[in-house]
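Please open the model in your viewer and keep the selection panel handy. We will begin at the ligand and then move on to some salt bridges.

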Amino acid sequence: MNPYDVIIIGGGVIGGSIGRELSRYRVKLAILEKEEELAFGVSKSNSGIIHPGTQVLANSLKGRLCVHGNMLTRKIARELGVDFKEVGELIVAFDEDEARRLLQLKKEASILGVPKLKIVARAWLKVHEPNLSSAAIAALYAPTAGILSPYRLVYDMAENAIRNGVEIHTQTKVESIDFSSCFEISTPKGVFKTRYIINAAGLFADEISKMAGVDDFKIRPRKGEEFLLDKKSESLTNHLLFPLPSRKSKGVLVIKTADGNPMIGPTAEDVEDKYDLSTTDEGLKKALDAAQKMIPSINENDIIAYFAGLRPVAGDDFLIRHEEKASGLVNVAGIQSPGLTAAPAIALFVCDILKRNGLSLEKKLFFHSRRKKTTHLFAIPPAQTERLVKKDHAYGDIVCRCELVSAKEVRSAISRGATTLDGIKFRTRAQSGRCHGSFCTTRIMKILSEERKIPLTSITKRGSGSELIKKDKAYD
Ligand SMILES: Cc1cc2nc3c(=O)[nH]c(=O)nc-3n(C[C@H](O)[C@H](O)[C@H](O)COP(=O)(O)OP(=O)(O)OC[C@H]3O[C@@H](n4cnc5c(N)ncnc54)[C@H](O)[C@@H]3O)c2cc1C
């Protein structure tokens, strides 16, 4: 078999963005992902913010790629039917000292090219952010900050990449990499030969790089705990609210999300374990105290769910480079925040690296840039739902009552690639509401079983080892 031109290791937002961008060109390309579905790594546990570029150093690579990525995301969201909302952000100052720091942040962000920045005073805040603490005296307003669903972005990009010829292999963990006339990547599903490797393996990028012969950086996880509030708090804020950032993080935020539930977090704590996704009482206290400083009316009882994510840190900046020591290997590592925002700009940056290192990028005659927007009942007006139900009764068969998700949407998610309960949750929001799936999980399992023609005992939450029903010999 002819070798691939490019293999991307890692099916998160970075691998997905690079895959979709490269699918414009005549290259033989595959994405290898160890998990059962894409976006099951860092890309599933983040704040979903498309940052404007206000809290990144002006002379950093991540600063440049963040501002460029913010611009590019709008076009990609339009093409792929991803709900992107430009809600704007406020970095809030509570004393004169902090207010002076806002001027410095504004200056740095202006150097990076962040548009439409403005310092707003207490009177403006009272009108435009009425629930904000009266102790706030000023804020830096960046209207280009936005929100979207991070996992739906990955799934929609992947679907579009597949349409344009990209192969995606899940449950395909890279175990070793050899080199003879080209790279030979060993996985449980066989050996993949390729001229170029793009290492987008998130928390495990250091291990992949080492397999390919470059062992000069380490990924250190930085944990962020986030807490989701009930949807009834949807109008708690009009903007994303930030405190002044520190060198280590942007601080604890009050976040508007694409699906309505506000979030508070993330915390920032360096940890050793790349699998430590635990949430803690201290994390909750930290997030709650910091969020209540901005919005005093936030109530602990409104928290309905929590999760933790690990930022893959490899120093202060992103580490994106072609490795001379292993010619053909491009490391895309240390993609901590704002990696979701920067992803489309990283994809262009990587294409440029590939070109400069000998890959010919010839455009395909036809590239399908668009995909049909997915229907979500929770996002459309009741009159439109009524019309849909008349056309197709399955839209009226509500499976998840908390989040208003129909059987039609669940089946459609499965036909678009969902194979697990989490895959369905991330695509449709079914099981994400206050009841945590108590009402809908069994129904969704039945639908999964019917559509995939597998027994209920084979259905998993997030892949092998997370089955919900134990096989019992007596019932086999
Ligand atoms: C709490 C938190 C909040 C954040 N908020 C924001 C935000 O609001 N805005 C923003 O811009 N950024 C944010 N970020 C950062 C953003 O989430 C990351 O930068 C981004 O998701 C990184 O994507 P990735 O594709 O590099 O990593 P991942 O999504 O982890 O993808 C890497 C993939 O590689 C796979 N993999 C690993 N090893 C192997 C192997 N051996 N073989 C095959 N596959 C392998 C993994 O399973 C994984 O799916 C946040 C991060 C955290 C933790």
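Select Val 13 together with the ligand: in this predicted model, a polar backbone atom of Val 13 lies 3.3 Å from an oxygen atom of the ligand. Next pick Lys 34, where a polar backbone atom is 3.1 Å from a ligand nitrogen. The protein buries 98% of the 1,000 Å² that the ligand exposes when taken alone.

Now show the whole shell. It holds 40 residues, and the closest are Glu 33, Val 42, Ser 43, Ile 335 and Thr 341. Then colour by domain: domain 1 (4-43 + 150-218 + 316-356) and domain 2 (83-145 + 220-313) both contribute to the shell, so the ligand lies between them.

Time for the salt bridges, of which the whole structure has 33. Start with Glu 37 and Arg 427, whose side chains meet at 2.6 Å, N to O. Glu 37 sits in the loop between β2 and β3, while Arg 427 belongs to helix α11, 390 residues apart. Are these two buried or exposed? Both Glu 37 and Arg 427 are buried.

For another pair, go to Arg 321 and Asp 216, with their closest N and O atoms 2.9 Å apart. Arg 321 is in strand β18, and Asp 216 is in the loop between α6 and β12. Arg 321 counts as partly exposed at 28% relative accessibility, whereas Asp 216, at 53%, counts as exposed.

Key
Residues are numbered from 1 along each chain as its sequence is written. This is a predicted model: local features need pLDDT of at least 70, side-chain atom pairs count only at pLDDT 80 or more; totals for chains, interfaces and linings use all residues. Side-chain values use heavy atoms; hydrogens and water are left out. A residue is near a molecule or strand if one of its heavy atoms lies within 4 Å of it. A polar contact is a pair of N or O atoms within 3.5 Å; within protein, one must be able to donate a hydrogen and the other to accept it, and residues adjacent in sequence count only if both atoms are side-chain atoms. Accessible areas come from the Shrake-Rupley method with a 1.4 Å probe; for residues, only the protein chains shown count as cover. Domain bounds come from an automatic or database domain assignment. A salt bridge is a side-chain nitrogen of Lys or Arg within 4 Å of a carboxyl oxygen of Asp or Glu. Helices (H or I, at least four residues) and strands (E, at least two) are DSSP runs, numbered from the N terminus. Buried means under 20% relative accessible area, exposed over 50%, partly exposed in between (1.4 Å probe, protein chains only).
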